[in-house]
Amino acid sequence: MKVGLVGYSGVGKSTVFQWLTGATPDPGKIQQGQVATADVADDRLRRIAEAYKPKKLTFAKVEFLDTPGLMADDRKDNPRRLGILREANGMVVVLDGFSGAPLAEQLRKFREELLYADLEIVMNRVPKVEAQMKKAKPAKERELDELELATLKRVIAGMEAGKFAKELNITEEEEKPLRSFQLLTLKPETVLVNRGDSGFNDPLPKDLLDLCPTACQAPVKLEMELAALSEEDRQMFMSDLGFTASFREATIRSIFYAMERIVFFTAGHDECRSWAMDKGGTAVDGAACIHNDLAARFVRARVVGHDHFVQCGYSEKEAKAKGLERLEGKQYIVQDGDVIEIL
Ligand SMILES: Nc1nc2c(ncn2[C@@H]2O[C@H](COP(=O)(O)OP(=O)(O)O)[C@@H](O)[C@H]2O)c(=O)[nH]1
Ligand SMILES: [Mg+2]
């Protein structure tokens with residue numbers, strides 16, 4: 001899963017990139033988009049590992065993509081600047097939460113840029129399809145062209161009315177001709193408000209949450225500065241600033257879940273590990289995250305729900321004895337936190 005950090009120039013995308021991944025932003029790489037990974041750390045897995053004492057503890061990862069910022073005043077070039085985002089699976093819109101600029105307005109304006117970039121791509125396609133339709137061709141191919149043109153027209157009308165592609169209830173049939181555009185307004189999106197030295201414990205404004213219920217905030221630069229201090233100084237500054245816990249892990253988890261992903265766990269004495277998969281995926285999809293062979297040879301999965309596993313003192317034996325370990329088939333929809341053994 002690759003998540004793009006997007007927004008206007010100067011809102012702190014590269015600062016966020018460094019904070020989340022520990023990688024140093026390289027100005028030379030910004031045009032291609034710099035990528036680095038971060039662990040989706042999880043206290044539930046840490047507690048499982050306390051019980052299993054494995055040789056290795058491995059968290060699922062998420063890839064972040066730092067992108068060139070958009071220009072707020074000269075918007076002509078913004079669709080091109082957004083091009084890099086098309087290959088990403090989702091995005092985090094970084095908002096300036098340190099200068100006092102209204103947050104909901106920033107997001108609304110940014111979303112217009114996404115819509116405009118998508119609209120341009122879809123509209124450019126129309127004359128090409130129309131030209132294709134003038135050529136003689138088999139009825140089957142003609143039908144496909146007609147479907148594509150009808151889809152483009154419907155999407156254009158929706159976007160001109162201000163709707164994102166994800167609000168247009170695109171059918172499976174319509175999805176095919178649209179796929180190659182990698183529409184930005186079809187991708188999962190969340191918001192990170194980049195706070196300065198204050199305001200990070202206040203509730204986010206309601207108008208922002210109305211636009212994006214999964215929005216979160218963090219004092220990004222401050223937390224990096226604190227990390228560079230000695231332990232003693234850090235404690236002092238943290239209590240002075242009303243800073244009780246690190247925001248970083250919680251922010252990564254919040255982004256991860258906003259991207260419609262979940263984790264399941266595998267527990268063993270060699271390794272305890274979390275695996276990322278799409279929300280709503282089956283046990284076979286989960287097996288495929290571990291290894292394609294495991295999916296191909298999938299028979300059943302032993303599953304203990306996370307809460308049940310806690311109730312049983314992290315013991316598979318106990319879970320089995322209490323009847324809380326289930327045998328699930330290929331169609332089973334994996335739940336976040338499931339402890340799974342693929343058979
Ligand atoms: N005052 C203040 N400045 C920040 C904060 N976060 C980032 N900046 C500054 O804003 C500028 C742009 O940051 P950068 O991460 O390069 O933004 P980008 O263009 O979105 O990648 C830099 O000078 C940062 O030091 C913040 O929380 N407070
Ligand atoms: Mg940058």
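A: Start with the overall division. The protein chain splits into domain 1 (2-102 + 187-257), domain 2 (104-186) and domain 3 (280-342). These bounds come from an automatic or database domain assignment. This is a predicted model, in which local features need pLDDT of at least 70, side-chain atom pairs count only at pLDDT 80 or more, and totals for chains, interfaces and linings use all residues. Residues are numbered from 1 along each chain as its sequence is written, while chains are lettered from A and ligands numbered from 1 in the order in which they are written.

Now the helix pair α4 and α5. Helices here are DSSP runs (H or I, at least four residues), and strands are runs of E (at least two), numbered from the N terminus. Helix α4 covers residues 103-134 and helix α5 covers residues 139-160. Their axes come within 9 Å and cross at roughly 150 degrees. Axes are lines fitted to C-alpha atoms, for helices over the stretch in contact, with angles from 0 to 180 degrees between N-to-C directions. α4 and α5 are therefore roughly antiparallel to each other. That term applies to angles over 145 degrees; under 35 is roughly parallel, 65 to 115 roughly perpendicular, and the rest oblique. α4 passes α5 in a left-handed crossing. Left-handed means that the near helix is turned anticlockwise from the far one by less than a right angle; clockwise is right-handed.

Which residues make the contact? From α4, they include Leu115, Leu119, Val122, Val126 and Val129. From α5, they include Leu149, Leu152, Val155 and Ile156. Two residues are in contact if their C-beta atoms, placed from the backbone, lie within 7 Å. By class, this contact has twelve nonpolar, one polar and five charged residues. Ala, Val, Leu, Ile, Met, Phe, Trp, Tyr, Cys and Pro count as nonpolar, Asp, Glu, Lys and Arg as charged, and the others, Gly among them, as polar.

Another helix pair is α1 and α8. α1 spans 13-21 and α8 spans 220-227. Their axes also come within 9 Å, but cross at roughly 45 degrees. α1 and α8 are therefore oblique to each other. Their crossing is left-handed. Thr15, Val16, Gln18 and Trp19 of α1 meet Val220, Lys221, Glu223 and Met224 of α8. This contact has four nonpolar, two polar and two charged residues.

Finally, the domains. The C-alpha centres of domain 1 and domain 2 lie 31 Å apart. Contact joins 22 residues of domain 1 to 14 residues of domain 2.
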